[in-house]
Amino acid sequence: MRPEDIAEAIRIMETDLPPDVEAALARCLDEEEGISREVLGAILENVRIAREGGVPMCQDTGSLVFFVGAKGCCDEICRIIKEGVAMATEAVPLRANIVDPFSRRNTGNNLGRGNPMIHLEPSPDGMVRIGILAKGAGSENVSAATMLDPDQSVAGIKEFVLQTIRKAGAKPCPPIIAGVGVGGSLDEAALLSKRALMRRLDEPTEDAFAAHLEVELLREINSLRIGPMGFGGKNTALAVRLEAADCHTASLPVAVSIQCWALRRIFLEAEGDRVAIRR
Amino acid sequence: MGRAYILQGRIGGREVEQLQVGDVVYITGEIFTMRDQAHLKALEILRGGGSLPFDLQGGVIYHCGPLVKGGKVVSAGPTTSMRMERSEGEIIARTGARCIIGKGGMGPGTLSALSSHCAVYTEYPGGAGALAARSVVGIREVHWRELGDPEAVWVLEVEGFGPCFVTMDSHGRTLRDAIKKGEQ
């Protein structure tokens, strides 16, 4: 794998919405009316213009998050990713979004302390798998995590998710995708909630209880009737994706990563010199 | 559905008064991108008795950090307006800006300033940056680039920039309240 492969994957991700997400938006259009329908029409037109013109669909090209599965030492892969991000910032182009948290000084190339965010996990085979997510700040700013008491149980999880989305209102560019992480620890729940956004919207959920919870949460989120861009309507969320991990007997961590309609994700698979891009 | 209006050049109080929540506005002329840091910097200057290097009287403020490359605007949708709520009322009062474009709605401080100073808040479809860039004809000026490109003030020349939905008008009404009450 080369930095060029990373840059190319980022280009496709930023300019071409994944088919499952576009299909979900198109279904919403049929169900809405008034201003809600008009904004969805503009969004879908925007998706077409971005694809045909090869330009980023949103000016907020996001913070870049990499989920890497690889065997052995990952120094080389991290170097390639960083070089690829700097390359994509020039070539796609991406907006330079990364600043010092105190002085707010922009680094100019989307690199910086802790950026891009790279999450590593061991891989069972020789294949290197990289998932990339471009996370805009409008939706990230209304994401949240909490530590529930175990007796708050499933009802508490649902209430926290709904409360987070109700509070977010129109800010995160609905219809949203809700990534929910349950269990682990504070940091692990947050990571699970983000990893959940990497799953296709139409991919079945293996765990029966998680699948049930996703369906119930989606129904309850949509009954909030925040609607496209907060103008009311049936579609507040396109999907809920939930990931769980075991946790301490005294804890029930829950995190919600809210994602705007522009869910920009892509996958790379590399084995030796062969690199394939997957949506 | 509301009515459609075209706003051209500097905007007067009469033009703003006729706009009501639910109306759609298309803008031709120049708009000023201002987000988090530009709001803070503008207020710092104005509170200190200074004047801004650009004139917002009757002008349009766009909550946007455009993606600019090689002197061209590539993608330029709105950013979440609520982050500017703490500054917007005072910005409107001190600059005489007549129209704000953003997304997601704003709060009571802005609503009250819109009424007192006869201005309007409108929303462009969030995330539609590629679509928005098509209405940008050129960049006239850029100020405060030291804030970083997303935070700088870009004076954009636009043609038929819209749809911008009026969601807070100069008569104290907001679209989301109207939707809740079943009026829209």
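Modeller: Please keep in mind that this is a predicted model. One place to begin is the spacing inside chain A, where the C-alpha centres of domain 1 and domain 2 lie 24 Å apart.

Colleague: Which residues make up those domains of chain A?
Modeller: The domain assignment gives 3-16 + 54-136 + 263-278 as domain 1 of chain A, and 138-259 as domain 2 of chain A.

Colleague: And how many residues are in contact between them?
Modeller: On the domain 1 side of chain A there are 10 residues, in contact with 10 residues of domain 2 of chain A. The elements that give two or more residues to that domain 1 side are β1 (63-70) and β3 (128-135) of chain A, and the largest share, three residues, comes from β3(A). By class, that side has four nonpolar, three polar and three charged residues.

Colleague: Switching topic, how many residues of chain A are in contact with chain B?
Modeller: There are 37 residues of chain A in contact with 33 residues of chain B. On the chain A side, helix α3 (residues 34-53) gives the largest share, 11 residues, and the side as a whole divides into 20 nonpolar, 11 polar and six charged residues.

Colleague: Which residues touch the most other members in the largest nonpolar core?
Modeller: Those are A:Ile132, A:Ala178, B:Ile31 and B:Cys99, in a core of 136 residues. Strand β9 (residues 153-168) of chain B gives the largest share of this core, nine residues. Domain 1 and domain 2 of chain A both give residues to this core, so it lies between them.

Colleague: What is B:Ile31 in contact with, leaving aside its neighbours within four places in sequence?
Modeller: B:Ile31 is then in contact with B:Val60, B:Tyr62, B:Ile101, B:Leu156, B:Val158 and B:Phe161.

Note on methods
Residues numbered from 1 in each chain as written. Chains lettered and ligands numbered in written order. Predicted model: local features only at pLDDT ≥ 70, side-chain atom pairs only at ≥ 80, totals over all residues. Contact = placed C-beta atoms within 7 Å. Helix = DSSP H or I, 4+ residues; strand = E, 2+ residues; numbered from the N terminus. Nonpolar A, V, L, I, M, F, W, Y, C, P; charged D, E, K, R; others polar. Domains from an automatic or database assignment. Core = buried A, V, L, I, M, F, W, Y, C linked by C-beta atoms within 7 Å. Buried ≥ 20, exposed ≤ 12 C-beta atoms within 10 Å, placed from the backbone.
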